[in-house]
Amino acid sequence: MTVTISEIIGNGVLFDIKNWEGIMPAMDNLQNNINRLFEILVERKINYLLVGGVAILSYIEGRNTQDIDFILPRAELESLPELEIAEENKDFARSTFDTLQVDILLTQNPLFDLVQKKYATERQFGDRLVRCATVEGLLLLKFFALPSLYRQGNFNKVSIYENDITQLLLAYTIDLPELLKVLSKYIIPSDLLELQTTAEDIQTRIQSFYSRQSKLEISKEGEEE
């Protein structure tokens, strides 16, 4: 059986050293909140798309996350009064569902709307089938976020997002130039140039991984002869 969303979030909480000095959230309560949230989404036929760290962890390993991210139409929030909105702008809403943090990307943003409509699939989490972004959809969102993070100097998140991109590209064959062509309709030209440079840097890094692997395999074979 595949890992559950409760296990993903629970591991993110348990392995975050910042949580060790405070009061650790009750895992049973966390699991109940997550199960209830997805039950509500299904019962009320909410038009959601799972994105963010949980979605990424259905494709790759080695990442922690403590919140759940969805793409939603703004009108759907009216059907989710259980979400307590802490802050909101035209593109994003940050909320909590009891003790669970839930971040919302709103489809008022044209790229988020595109991802929700055209880059969606279903992924298995435990015994639950969840509407989830595709690898291409997740890459679009990660690249889209990077220019703003660069400007803010938020290099901690930059490193996480660039690593997410690297791991997805290592695991899946993606036409990156075509993906950046899609993204070009939603960002300014100077941002696109920077992202093309980022993409080239990441691809060079990936090539260096394979190059080192090849060299080490050759050297090992030579030593064994």
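The entries below record what I looked up, ring by ring.

Entry 1. I noted at the outset that the model is predicted. I then looked up the aromatic pairs, and the count came to six.

Entry 2. I took up the pair of Tyr 48 and Phe 70. The ring centres are 5.6 Å apart and the planes stand at 75°, over the 60 degrees required, so I recorded the pair as edge-to-face. I placed Tyr 48 in the loop between helix 2 (27-43) and strand 1 (49-51), and Phe 70 in strand 2 (residues 67-72); the pair therefore ties together parts that are 22 residues apart in sequence.

Entry 3. I checked the accessibility of both residues. Tyr 48 has a relative accessibility of 9% and counts as buried. Phe 70 is also buried, at 2%.

Entry 4. I turned to Phe 112 and Phe 144, an edge-to-face pair with 5.7 Å from centre to centre and 80° between the planes. Phe 112 belongs to helix 4 (residues 110-118) and Phe 144 to helix 5 (residues 135-152), so this pair links distant parts of the chain, 32 residues apart. Phe 112 is buried, with a relative accessible area of 2%, whereas Phe 144 is partly exposed at 21%.

Entry 5. I looked up charges over rings. The charged end of Arg 123 sits over the ring of Tyr 59, at 3.9 Å from the ring centre. I found the charged end of Lys 142 over the ring of Tyr 161, 3.7 Å from its centre.

How values were computed:
Residues numbered from 1 in each chain as written. Predicted model: local features only at pLDDT ≥ 70, side-chain atom pairs only at ≥ 80, totals over all residues. Heavy atoms only, no water. Phe/Tyr/Trp six-rings, centres within 6.5 Å; stacked < 30°, edge-to-face > 60°. Helix = DSSP H or I, 4+ residues; strand = E, 2+ residues; numbered from the N terminus. Buried < 20%, exposed > 50% of the residue type's maximum accessible area, 1.4 Å probe, protein only. Lys NZ or Arg CZ within 6 Å of the ring centre and 35° of its normal.
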